[in-house]
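Student: I am new to this structure and would like to learn how to read its features one at a time. Could we go through it together?

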Amino acid sequence: MIVVGTMNLTRTAEKGDFVCPECRTWQNYRIRSRRPYLTIYFLPVVPVGGAQRVLQCLQCSQFWDERVLQRPDSHAAPNLPSEGEEESVFREQLMQAAVHLAIAEGEISEQMIASLLQIASERLGILLDRESLGEYCSIAFQNKIGIRNYLLSVDHTWSESQFRMAIQTLFLVASVEAGVSATEQEVLQSLKERGVISDEQFQQDIESLVN
Ligand SMILES: [Zn+2]
């Protein structure tokens, strides 16, 4: 009998410094790269998936998406209003955010899986089967970035309309299971603030979903 399994190999891919959104000062970071390997007799033989990269602040130990390095406060460039992320990149980011929000409580229900598949195809134009959604979820579980840090890493390139779409989509995810939790409210509020969305607009966008 041949003993076959999988193993994650992790290595430090890069080091540098950045303005950590949590520490709010320049800190050292490292980017860890993790790749799953097929093992035979517990020895890694072939990689069975792409490498997943995650950035960690060496001061506060929090995890971030490496796009956090492009936040306007991380370099000297003037803080220009964003013209918006390219639509396909934005939709992919929003899908990842939806998954991060869905697993924020540490587990995921059948009802949530069905809703995520529906949101992906109907709102984001991303066709997913259960298996690829499962892959999104396992990556999100493993990278430990969390919904709050994920959004802080990527949303600095979003336009106002992209912020509004993100708020609506994440509200739908948040309302799948009974009631929008305090954490979920915080996530939506922080998007409203960073996207500079007025109270009126915010309320109108949420109402249009409920009615
Ligand atoms: Zn930090």
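Tutor: Let us begin with burial: a residue is called buried if 20 or more other C-beta atoms lie within 10 Å of its own, exposed if 12 or fewer do, and partly exposed in between, with the C-beta atoms placed from the backbone. Ile 206 is partly exposed because 17 other C-beta atoms lie within 10 Å, and its place is in helix α7. Before we go on, note that this is a predicted model, in which local features need pLDDT of at least 70 and side-chain atom pairs count only at pLDDT 80 or more, while totals for chains, interfaces and linings use all residues. Residues are numbered from 1 along each chain as its sequence is written.

Student: Which residues of α1 are buried, and which helices do they pack against?

Tutor: The buried residues of α1 are Phe 90, the run from Gln 93 through Leu 94, Met 95, Gln 96, Ala 97, Ala 98, Val 99, His 100 and Leu 101, and finally Ala 102. For packing we speak of contact, and two residues are in contact if their C-beta atoms, placed from the backbone, lie within 7 Å. The buried residues of α1 pack against α2 (110-122), α3 (130-143), α4 (146-154), α5 (160-174) and α6 (182-194).

Student: How are two packed helices described?

Tutor: Two packed helices are described by the angle between their axes and the distance between the axes. The axes are lines fitted to C-alpha atoms, for helices over the stretch in contact, and the angles run from 0 to 180 degrees between N-to-C directions. Angles under 35 degrees count as roughly parallel, over 145 as roughly antiparallel, 65 to 115 as roughly perpendicular and the rest as oblique. The axes of α1 and α4 come within 8 Å and cross at roughly 160°, and these two helices are therefore roughly antiparallel to each other. A crossing is left-handed if the near helix is turned anticlockwise from the far one by less than a right angle, and right-handed if clockwise; α1 passes α4 in a left-handed crossing.

Student: Which residues make the contact between α1 and α4?

Tutor: On the side of α1 they are Gln 93, Gln 96, Ala 97, His 100 and Leu 101, and on the side of α4 they are Gly 146, Ile 147, Tyr 150, Leu 151 and Val 154. To sort them, Ala, Val, Leu, Ile, Met, Phe, Trp, Tyr, Cys and Pro count as nonpolar, Asp, Glu, Lys and Arg as charged, and the others, Gly among them, as polar. The contact of α1 with α4 then divides into six nonpolar, four polar and no charged residues.

Student: Is α4 mostly covered or mostly open?

Tutor: Helix α4 is mostly covered, since seven of its nine residues are buried. What covers these buried residues includes β5 (63-64), α1 and α6.

Student: At what angle do α1 and α3 pack?

Tutor: Helices α1 and α3 pack at an angle of about 65°, with their axes 9 Å apart, and they are therefore roughly perpendicular to each other. Their crossing is right-handed, and the contact is made by Gln 96, Val 99 and His 100 of α1 with Tyr 136, Cys 137 and Ala 140 of α3. These residues divide into four nonpolar, two polar and no charged.

Student: Where does Pro 36 lie, and what does this residue touch?

Tutor: Pro 36 lies in strand β2, residues 26-40, and counts as partly exposed, with 18 C-beta neighbours inside 10 Å. Not counting residues up to four places away in sequence, Pro 36 touches Thr 6, Asn 8, Pro 47, Val 48 and Gly 49. Gly 49 has its place in the loop between β3 (43-47) and β4 (52-57), and under the same exclusion Gly 49 touches Arg 35 and Pro 36.

Student: Which residues have a positive phi although they are not glycines?

Tutor: Among them is Phe 42, with a phi of about 65°, which lies in the loop between β2 and β3 and is exposed, with 9 other C-beta atoms within 10 Å. Val 196 has a positive phi of about 50° and is found in the loop between α6 and α7 (199-210); Val 196 counts as exposed because its C-beta neighbours inside 10 Å number 10.

Key. Helices (H or I, at least four residues) and strands (E, at least two) are DSSP runs, numbered from the N terminus.
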